[in-house]
Amino acid sequence: GTLVRENPDAHRTHATSAAGASWTEGLRSRAFWILAIVLFFASISQNGAITHLPALLTDRGLDPARAALAVSAMGLASFAGRMLTGWLLDRFPAPRVGVILLALSAVGVFVMAGARTLESGIAAAALIGFGMGGEADVTPFLLSRYFGLRSFSTLYGLTWTSYAIAGAIGPVLMGHAVDGSASCSTMSVKAAVMPVAAATLMLF
């Protein structure tokens with residue numbers, strides 16, 4: 001006998017994958033644009049904040065090595081956020097999960113505004129990282145539920161293009177404001193408004 005056999009469900013899986021909206025139909029949907037804007041706002045805030053956290057802590061007297069350690073907490077928190085978000089999505093409505101994650105990111109940016117110690121820097125980075133990691137799970141989950149799998153890859157790529165563009169803009173905007181003698185704390189508070197706005201949009 002052969003060691004490789006065709007999966008009897010393969011044809012049914014292919015038929016299921018073909019179901020759903022086309023990418024042009026997705027682009028005409030309000031749900032798609034809400035997701036894209038949510039990711040744009042969140043990315044500007046999160047990436048702008050986390051990029052300048054080491055400089056902010058160093059300017060407030062923290063040793064550069066300890067400031068860098070605070071930022072490293074973001075990676076662990078992002079991993080934890082993805083794991084826990086998957087569990088939450090199996091049990092609760094995805095938009096509500098997204099609201100909570102974006103709210104946590106906003107809290108993280110607010111904490112960053114007043115961060116002066118290693119502990120507060122770690123807390124800020126962890127909250128932002130947790131929200132970023134979790135949102136990476138919520139977006140594809142919602143896309144598959146709203147639009148099916150027919151054009152999932154294209155729509156997913158477009159939403160994360162929005163995230164990537166904002167990720168490039170956020171650090172530049174905050175850095176320019178700080179170079180222009182604006183308070184980094186004030187800019188951090190303003191940056192926290194964006195994930196709050198994104199969380200509000202997620203309700204729709």
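## Nonpolar surface patch

L84, W87 and F92 make a nonpolar surface patch of about 310 Å². Patches consist of residues with over 30% relative accessible area and no salt bridge, with like charges joined within 9 Å and nonpolar side chains (Val, Leu, Ile, Met, Phe, Trp, Tyr) joined within 5 Å. A salt bridge here is a side-chain nitrogen of Lys or Arg within 4 Å of a carboxyl oxygen of Asp or Glu. Areas are Shrake-Rupley values with a 1.4 Å probe, and for residues only the protein chains shown count as cover.

W87 belongs to helix α4 (residues 64-89). Its relative accessible area is 43%, so W87 is partly exposed; buried means under 20%, exposed over 50%, and partly exposed in between (1.4 Å probe, protein chains only).

## Basis of the model

The model is predicted: local features need pLDDT of at least 70, side-chain atom pairs count only at pLDDT 80 or more, and totals for chains, interfaces and linings use all residues. Residues are numbered from 1 along each chain as its sequence is written, and side-chain values use heavy atoms, leaving out hydrogens and water.

## Overall composition

The protein has eight helices and zero strands, and from the N terminus on the order of elements is α-α-α-α-α-α-α-α. Helices (H or I, at least four residues) and strands (E, at least two) are DSSP runs numbered from the N terminus.

Of the 204 residues in the protein, 44% are buried. The protein exposes about 10600 Å², and 67% of this area is supplied by carbon and sulfur atoms. Among contacts (heavy atoms within 4.5 Å) with a separation of 6 or more, 81% are between residues 24 or more positions apart.

## Aromatic pairs and a charge over a ring

Rings of Phe, Tyr and Trp (its six-membered ring) pair if their centres lie within 6.5 Å; planes under 30 degrees apart count as stacked, over 60 as edge-to-face and the rest as tilted. The count by this rule is six aromatic pairs. One of them joins F32 and W33 in an edge-to-face arrangement, 5.2 Å centre to centre with 85° between the planes. F32 counts as buried because its relative accessibility is 2%, whereas W33, at 45%, counts as partly exposed.

W160 and Y163 form a tilted pair, with 4.6 Å centre to centre and 55° between the planes. These two residues are three apart in helix α7 (residues 152-179), so about one helical turn separates W160 and Y163. Y163 is buried, with a relative accessible area of 16%. F152, Y156, W160 and Y163 form one aromatic cluster.

R145 lies over the face of F141, at 4.1 Å from the ring centre. A charge sits over a ring if NZ of Lys or CZ of Arg is within 6 Å of the ring centre and within 35 degrees of the ring normal.

## Selected positions along the chain

D63 is in the loop between α3 (30-59) and α4 and is partly exposed, with a relative accessible area of 40%. D63 and T117 are 54 residues apart in sequence, and their C-alpha atoms are 9.9 Å apart in space.

S120 lies in helix α6 (residues 118-147) and is buried at 19% relative accessible area. Not counting residues up to four places away in sequence, S120 touches V111 and A115.

V109 lies in helix α5 (residues 94-114) and is buried, with a relative accessible area of 0%. The C-alpha atoms of V109 and V189 are separated by 6.9 Å, while the two residues are 80 apart along the chain.
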